[in-house]
Amino acid sequence: MPVAGQPVGFSRCCWLGGCEMTMNTDAFSVRVSKRAVRDFSEHGVAMLPQVIDAAWIANLRAGVEKNIAAPTARGRVWNRDADGRVCFYDSQAWRGIAEYRDFVERSPIAGIAAQLLGATRVNFFFDAIFVRSPGTQFRTPFHQDEPYWSVEGFDTCSIWMPLVAVEKKSALEFVRGSHRWKGRLRQTNFGALTGDARDQRDAAEDGEAFPDIEGNRDRYPLVSWDMAPGDCVAFNGRTIHGGSGNLSPGRGLKVFNTQWLGDDVRVCFRKEGMDPDHSRVMAEIGLKPGRRIGGALYPEFRFDRGLPA
Ligand SMILES: O=C(O)CCC(=O)C(=O)O
């Protein structure tokens, strides 16, 4: 469903490798500020106030309702507390939910990712939704994203976008600058938390112990913001983040998140497991470790006229 007032200048074509490619000819209806580009590069996180308009937000809210009513096979309840409050998660639902697909393919979001990454081609990786019922306290443990993914590289951009107003204390929090920390950290096994076999990661994974950020909050440069619908926070896949939850009574949270990949990112299957695990679908479409992702599941957006100066 096209949304009124949004760019529609897309054409699709095939290239020699047989991958479907999306040409986005009107991507910069939203210009990302120089400050946001600098924050994203230097701090690994940038707040983008009011970059998505109300029509897109309404569109995505309708999509989320459909998604909750009919989750994909990847949908799951991450947490349910004694009072029945839940944190629901789903991912890669965009191909089955027209409102999500429309947003991915036609909204300014791909252009925003490209501007932040300084890239004239970006691939869409996947969408994720996080829905917390009113008053949910459950907070996502601090973690980095890229070590869980079936791709590897520095040039990644996740865009966390609440579809309702969220207080700073309930928004996602970030350790500023952690995307450039050296060394490899042993990540949280979300399976231990959710009890879901699909979240399991091998505890024997190499790396240094993950720092106790929650227990030492004053020692880390944590940032988060009060956010309104239309605001986005963009972060590098290596930036440590967590939180959300901690909702005031009567307040729920609905978040639509998209992940974007830039120039140095390549397919990488990890022995310790992946979440979400794309290895099967990637193998089915012939993607091999070391290759750039692509194809209809991971469409490429090209900005052939270059990025805004
Ligand atoms: O919203 C949340 O609770 C978690 C978000 C998250 O970890 C992510 O977007 O990578």
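Is Q50 buried or exposed? I began with this residue in what is a predicted model. I counted 12 C-beta neighbours inside 10 Å of Q50, and because a residue with 12 or fewer is exposed, Q50 counts as exposed. I located Q50 in the loop between β3 (45–48) and α2 (54–69). I then looked up its backbone angle: phi of Q50 is near 50 degrees, a positive value in a residue other than glycine.

**Entry: N246**

I turned next to N246, where phi is near 55 degrees, again a positive value in a residue other than glycine. N246 lies in the loop between β13 (241–243) and β14. I found 17 other C-beta atoms within 10 Å of N246, so this residue is partly exposed.

**Entry: R95**

I looked up where R95 sits and found it in the loop between β5 (86–91) and α3 (98–106). R95 counts as partly exposed because it has 13 C-beta neighbours inside 10 Å. I also checked R95 against D127, which is 32 residues apart from it along the chain. The C-alpha atoms of R95 and D127 are separated by 9.8 Å.

**Entry: a cis peptide bond**

Which peptide bond did I note as cis? The bond runs from D275 to P276, with omega near -5 degrees. I placed P276 in the loop between β15 (266–267) and α6 (279–284).

**Entry: the ligand**

Which residues surround the ligand? I listed A128, F130, T140, D145, S158, W160, L172, H241, S244, V255 and N257. The elements that give two or more residues to this shell are β6 (121–132), β9 (156–162) and β14 (253–261). I sorted the shell by class and recorded 5 nonpolar, 5 polar and 1 charged residues.

**Entry: the nonpolar core**

I then examined the largest nonpolar core, which has 73 residues. The members that touch the most other members are L48, A113, L116, V122, I159, C232 and A234. The largest share of this core comes from β6, with 8 residues. I noted that β6 is also one of the elements that give two or more residues to the shell around the ligand.

**Entry: C232**

What does C232 touch, leaving aside residues up to four places away in sequence? I recorded L48, V51, I52, I159, W160 and M161. Of these contacts, I met L48 and I159 in the list of core members that touch the most others, and W160 among the residues that surround the ligand.

Technical notes:
Residues numbered from 1 in each chain as written. Predicted model: local features only at pLDDT ≥ 70, side-chain atom pairs only at ≥ 80, totals over all residues. Near = placed C-beta within 6 Å. Helix = DSSP H or I, 4+ residues; strand = E, 2+ residues; numbered from the N terminus. Nonpolar A, V, L, I, M, F, W, Y, C, P; charged D, E, K, R; others polar. Core = buried A, V, L, I, M, F, W, Y, C linked by C-beta atoms within 7 Å. Buried ≥ 20, exposed ≤ 12 C-beta atoms within 10 Å, placed from the backbone. Contact = placed C-beta atoms within 7 Å.
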